[in-house]
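Biologist: I have a model open and want a quick tour. Can we start with the ground rules?

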Amino acid sequence: MTEPRSLKTFPVHLGLGASAAPQPEFTGLDWYEAYSARTADDGKEGRLVALHDFSESWTSWEMHPEGDEVVICISGRITLIQECEGDQQNTIALEAGDYAINAAGIWHTADTDGPASALFITAGAGTCHRPR
């Protein structure tokens, strides 16, 4: 690939053999199912790299069963909310330059009180979503 692409629109997959594969345009939550099928040969070692802007809190929870997810706040402020055992929640406030890790198998969501951007490095295989 010789032309630049927006990471916000076209995520990239990091795969086996230190490969990097541009992905089709991100279209919403249904996009993840097709992503899992496209990258299945990399199994849990593959990583999805995506950049998202937020102006409102998330309306769903997500969980990555195959590996950890690194969340890096690029601008603004976001609060990650992780479900823990026994109906407890862990909250992690991130400002620009901060990162946190969503462990494999942990349901998580995010709140924001204004515009924010975050970079996600995700073990995307098998990602699940549910309403918040």
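Modeller: First, a term: buried means under 20% relative accessible area, exposed means over 50%, and partly exposed is in between, using a 1.4 Å probe and protein chains only. Buried residues make up 37% of the 132 residues in the protein. This is a predicted model, so local features need pLDDT of at least 70 and side-chain atom pairs count only at pLDDT 80 or more, while totals for chains, interfaces and linings use all residues. Residues are numbered from 1 along each chain as its sequence is written, and side-chain values use heavy atoms, with hydrogens and water left out.

Biologist: What radius of gyration does the protein have, and what would a compact globule have?

Modeller: The protein has 14 Å, which agrees with the value near 14 Å for a compact globule of 132 residues. The radius is taken over C-alpha atoms, and the globule rule is 2.2 Å times the number of residues to the power 0.38. Along the principal axes, the C-alpha trace spans about 40 × 30 × 25 Å.

Biologist: How many helices and strands?

Modeller: One helix and eleven strands. These are DSSP runs numbered from the N terminus: helices are H or I with at least four residues, strands are E with at least two. The order is β-β-α-β-β-β-β-β-β-β-β-β.

Biologist: What share of the contacts comes from residues 24 or more positions apart?

Modeller: 68% of the contacts with a separation of 6 or more. Contact means heavy atoms within 4.5 Å.

Biologist: Take β1. Which strands does β1 pair with?

Modeller: β2, through four bridges, antiparallel. Also β3, through three bridges, again antiparallel. Two strands pair if DSSP finds at least two bridges between them. V12 has P22 in β2 as its bridge partner. H13 has L48 in β3.

Biologist: What sits between β1 and β2?

Modeller: The two strands form a hairpin with three residues between them. G17 in the turn has a positive phi of about 70 degrees. A18, in the loop between β1 (12–15) and β2 (19–22), has a positive phi of about 60 degrees although it is not a glycine. Most residues other than glycine have a negative phi.

Biologist: Is A18 buried or exposed?

Modeller: Exposed, with a relative accessible area of 81%.

Biologist: Over to β8. Which strand is joined to β8, and by how many bridges?

Modeller: Strand β5 (residues 69–75), by four bridges, running antiparallel. E69 stands opposite N102 in β8. Strand β8 (residues 99–102) has A100 and N102 on its covered face, and Y99 and I101 on the uncovered one.

Biologist: Aromatics next. How many pairs?

Modeller: Seven in the whole structure. The rings of W58 and F120 have centres 6.1 Å apart and planes at 45 degrees, so this pair is tilted. Rings of Phe, Tyr and Trp (its six-membered ring) pair if their centres lie within 6.5 Å; planes under 30 degrees apart count as stacked, over 60 as edge-to-face, the rest as tilted.

Biologist: Where do W58 and F120 lie?

Modeller: W58 is in the loop between β3 (47–54) and β4 (60–63), and F120 is in strand β10 (residues 116–122), so the pair ties together parts that are 62 residues apart in sequence. Both are buried.

Biologist: Which rings form a cluster?

Modeller: F26, W31, Y32 and Y35, linked by ring pairs. W31 lies in helix α1 (residues 31–38) and counts as buried at 5% relative accessibility. Not counting residues up to four places away in sequence, W31 touches P11, Q23, P24, E25, F26, R38 and L48.

Biologist: Which charges sit over rings?

Modeller: Among them, R5 lies over the face of F10, at 5.0 Å from the ring centre. The charged end of R130 sits over the ring of W107, 4.4 Å from its centre. The cut-offs: NZ of Lys or CZ of Arg within 6 Å of the ring centre and within 35 degrees of the ring normal.
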